[in-house]
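Work through each task before you read its solution.

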Amino acid sequence: MAHASTRPDREPLRFLPHINSPEDLKTYRLEDLQHIADECRSYLIDVISQNGGHFASSLGVVELTVALHYVYSTPRDHIIWDVGHQAYIHKMLTGRRDLMQTNRQFNGIAGFPKIPESPHDAFGTGHASTSISAAAGMAAARDLAGTDEKVIAVIGDGSMTGGMAFEAMNHLGDLKSDVLVILNDNQMAISPSTGGLKDYLVNISLNKTYNKLRAFIWNTVSGINNDIGEAAKTAIHKIEDGIKASLTPGAFFEALGFRYFGPIDGHNTEQLVMALREMHELPHPKLLHVITKKGKGFKPAEQNQSAWHAHSGGFDRITGKSLKQAAPKPGPPKYQKVFGDALNDIAAIEKNVVGITAAMPSGTSLDLFQQHHPEKFYDVGIAEQHAVTFAAGMAAKGYKPVCAIYSTFLQRAYDQLIHDVALQNQHVVFAIDRAGLVGEDGPTHHGAFDLSFLHPVPNMVIMAPKDEQELRNMLYTSLIHHDGPAAIRYPRGSATGMKLDTTFTRLDIGQGETLHNGSDIALLALGTMVHKALETAEELEQAGISALVANMRFLKPLDTDLVEGIAAAHKKIVVIEENSMIGGLGSAISDYLHAHRHDNELLKIGLPDKFITHGSMKELYAMLGLERHALGTTISQFCNGTATETYGNSQSTIRTERLA
């Protein structure tokens with residue numbers, strides 16, 4: 001990418017090339033800040049149009065980010081971004097401007113704040129609703145240490161729908177610590193925000209009477225001379241409090257122990273700086289409500305904010321039109337769309353099916369179900385814990401909830417999954433999207449642990465399809481021919497493109513299948529790794545090794561008959577999975593063979609005991625040894641007795657066990 005400061009087709013950047021730290025920003029005049037914000041926005045559009053990344057959220061907080069770094073001094077002061085995909089401008093102003101072209105790329109900078117990446121990244125925030133809790137913890141530590149750094153949490157209104165945010169505000173009001181919470185109100189998460197909080201914020205921002213009076217009082221308080229009596233100041237603040245209570249729901253935040261300010265224009269740098277300076281010395285919790293527009297400054301993103309939440313790059317920076325050559329024909333459907341279509345088809349058979357998501361209707365393709373069955377669709381906001389217990393409540397009344405949640409986000413509702421669903425054996429089906437590696441979003445979004453954390457939970461049926469037809473059949477079986485909790489994990493991205501049956505086939509719970517016979521070695525896999533196993537069997541055959549390939553389908557209940565037959569016929573067994581090797585399919589096979597005193601040699605191939613970085617799927621598979629040639633080499637060495645003993649090595653993707 002050409003350095004954006006040259007930009008031969010546009011005016012050169014005047015300010016941004018000279019800002020390599022927040023201290024550089026502070027050398028400019030207040031009246032320069034809007035020009036700097038405009039250049040930040042233009043630079044961001046340049047970078048994303050070529051390289052891709054999260055987009056609309058960062059466009060919406062350009063002025064706010066500039067104002068924050070103008071008033072506060074990171075890294076001494078701590079700014080926490082919630083969710084972190086709105087932190088691109090923050091990265092640009094804290095010494096990483098020229099690294100933005102490596103954003104989300106292998107060995108490049110991360111798409112979210114990351115503590116090891118920069119001292120200016122106070123806290124990692126890849127999941128929503130965590131910033132106020134982290135800010136409260138940092139403030140409490142500061143208070144104990146007797147230091148005076150400032151702590152600021154910038155939370156999007158979508159993140160504010162998460163219960164954890166309210167838990168933190170309730171506690172922070174009790175702590176009475178000096179923390180500034182900035183509510184970035186754009187009425188959007190990835191999809192439009194839902195629920196009572198959204199209406200509550202709209203009522204504040206649209207109440208013209210309140211806003212006029214608030215402006216008058218704001219200007220009056222700001223202009224008060226230090227010589228005015230404390231009684232007069234107190235009287236003015238009481239008038240403001242009375243207006244809040246009578247004309248808006250804004251008193252809610254004050255009831256939690258916060259001083260509420262706003263709403264103010266989140267795209268007016270001078271007003272933002274004035275507000276931040278006014279609140280800088282207030283020694284207690286306060287909340288600044290700013291109104292922003294997601295996608296601000298890029299017309300296509302302003303008009304379709306959900307579609308431009310993130311982009312893969314390769315578009316015209318003015319029109320938004322793709323610059324990539326059109327594919328000769330449409331590719332295979334995404335797994336999420338196969339799921340959405342299948343749920344619609346099943347809902348035509350089973351009237352008690354309902355769909356539940358946590359602020360991800362388009363991301364899970366539950367919006368397809370919503371279009372056909374709006375009365376049976378529920379978007380609960382960014383509140384996975386509530387989503388799962390809400391589903392359990394519906395199941396208790398005879399409905400069949402399908403809870404569609406990304407693997408990495410389901411981690412947040414583990415207690416509810418165990419206590420409210422599994423313990424009570426409620427018939428809730430978990431559609432676990434983005435299972436396994438997800439590419440450029442990196443460790444905060446990789447679905448590396450779902451098989452492991454689901455595995456020990458009683459009453460759970462756990463399965464993973466090898467292709468889109470099997471996904472349809474698993475969803476059908478879980479809803480129509482099963483009565484209890486079930487989980488189906490499937491990957492991000494495109495399916496195989498196979499021709500789908502118009503009808504469904506019932507699967508026998510806990511029964512796998514042999515896809516390819518072989519006599520020398522057995523390869524056991526489920527989900528995405530089944531096709532890897534088949535490809536590897538071809539590679540091994542060229543080396544003179546005959547490999548059986550089994551699609552296990554189910555982690556739980558495990559097909560012990562299939563395992564017994566394989567163990568009896570094959571001395572060497574290989575398990576391949578796209579999940580942590582701790583607690584997944586390899587662990588299940590190992591436990592079974594140990595328990596039944598088999599003396600087989602077992603090779604486990606999966607994700608190592610570490611957090612996997614970001615990069616393309618091809619790069620990550622190559623790094624982890626999960627592409628065809630590397631798998632063939634590893635398994636050939638195991639078959640020939642030359643594989644390295646790696647058990648216990650947290651960096652390794654293979655572990656060998658001799659069970660005798």
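Pro263 is placed in strand E5, which covers residues 259–265, where strands (E, at least two residues) and helices (H or I, at least four) are DSSP runs numbered from the N terminus. The model is predicted, so to speak of local features a pLDDT of at least 70 is needed, side-chain atom pairs count only at pLDDT 80 or more, and totals for chains, interfaces and linings use all residues. Residues are numbered from 1 along each chain as its sequence is written, and side-chain values use heavy atoms, leaving out hydrogens and water.

**Exercise 1.** Find the omega of the bond that joins Lys556 and Pro557, and locate Pro557.

Solution. The bond between Lys556 and Pro557 has an omega of about -5° and is cis. Pro557 itself is in the loop between strand E17 (554–556) and helix H23 (560–569).

**Exercise 2.** State whether Arg434 is buried or exposed, and do likewise for Arg597.

Solution. Arg434, with a positive phi of about 55°, lies in the loop between strand E11 (429–433) and helix H20 (450–454). Its relative accessibility is 14%, so Arg434 counts as buried, a term for values under 20%, whereas exposed means over 50% (1.4 Å probe, protein chains only). Arg597, whose phi is near 55°, is exposed at 76% relative accessible area.
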